[in-house]
Amino acid sequence: MNLNDIKDLMAQFDQSSLREFSYKNGTDELQFSKNEARLVSEVAAQVAPGPVLATVSPVATSSASTETVAEEFPAPAETSVAAEGDVVESPLVGVAYLAAGPDKPAFVTVGDSVKKGQTLVIIEAMKVMNEIPAPKDGVVTEILVSNEEMVEFGKGLVRIK
């Protein structure tokens, strides 16, 4: 596979609705993901035979849609010493969603009262939507992730007081 083929695949992937793409053929291997914001790998440096790895970072298609998402799902607040409450951690690796859908309201916002068992976020792992419930009654003091953010096991999702 030559560099132009790789660039063409990257462009097609970037314009598609796919979240992840993998390709293997003999010694060539490509992996594209829109789940984590990363810089594009230096593919040109890997023209020599051997495995090729590249990651494409998400690109906003229009400023209007980016502003709408920012209003619906504000960026997580900076972690501060003054933040109170217990952190609800991710029980698995996946993509966190703050609402049931793009046109749906967020499950919780800062200041909301929650009951034990109420859905705080959804984590998608291997095409399965996993609801993350509140472990106790309380008030949401901080949301520690942003919508569609890739989360690792043990990452803080929400803080409840």
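This is a predicted model: local features need pLDDT of at least 70, side-chain atom pairs count only at pLDDT 80 or more; totals for chains, interfaces and linings use all residues.

Visitor: What is the average pLDDT of the chain?

Guide: pLDDT is the predictor's confidence in each residue, from 0 to 100. The chain averages 75, and 70% of the residues score at least 70. Confidence is lowest in helix α2 (residues 63-72), with a mean of 46, and highest in β10, at 94. Helices (H or I, at least four residues) and strands (E, at least two) are DSSP runs, numbered from the N terminus. Over residues 54-70 the pLDDT stays under 50.

Visitor: Why is S90 called buried?

Guide: Buried means under 20% relative accessible area, exposed over 50%, and partly exposed in between (1.4 Å probe, protein chains only). S90 has 2% relative accessibility, and therefore counts as buried. S90 lies in the loop between β3 (86-89) and β4 (94-97).

Visitor: Why is D137 called partly exposed?

Guide: The relative accessible area of D137 is 45%, so D137 is partly exposed. D137 is found in the loop between β7 (128-133) and β8 (138-143).

Visitor: What makes a polar contact of the side chain of D137 with K116?

Guide: A polar contact is a pair of N or O atoms within 3.5 Å; within protein, one must be able to donate a hydrogen and the other to accept it, and residues adjacent in sequence count only if both atoms are side-chain atoms. A polar atom of the D137 side chain lies 2.6 Å from the backbone nitrogen of K116. For S90, a polar side-chain atom lies 2.5 Å from the backbone oxygen of L92.

Visitor: Which residues does D137 touch?

Guide: Contact means heavy atoms within 4.5 Å. Not counting residues up to four places away in sequence, D137 touches V114, K115, K116 and I160.

Visitor: How do you know that β8 and β10 are joined?

Guide: Two strands pair if DSSP finds at least two bridges between them. Here 3 bridges join β8 to β10 (residues 156-160), and the strands run antiparallel. The open sheet of 4 strands has the order β3-β10-β8-β5. β3 and β5 (113-114) stand at the edges, each with a single partner strand, so one side of each is left without a neighbour in the sheet.

Definitions and conventions: Residues are numbered from 1 along each chain as its sequence is written. Side-chain values use heavy atoms; hydrogens and water are left out.
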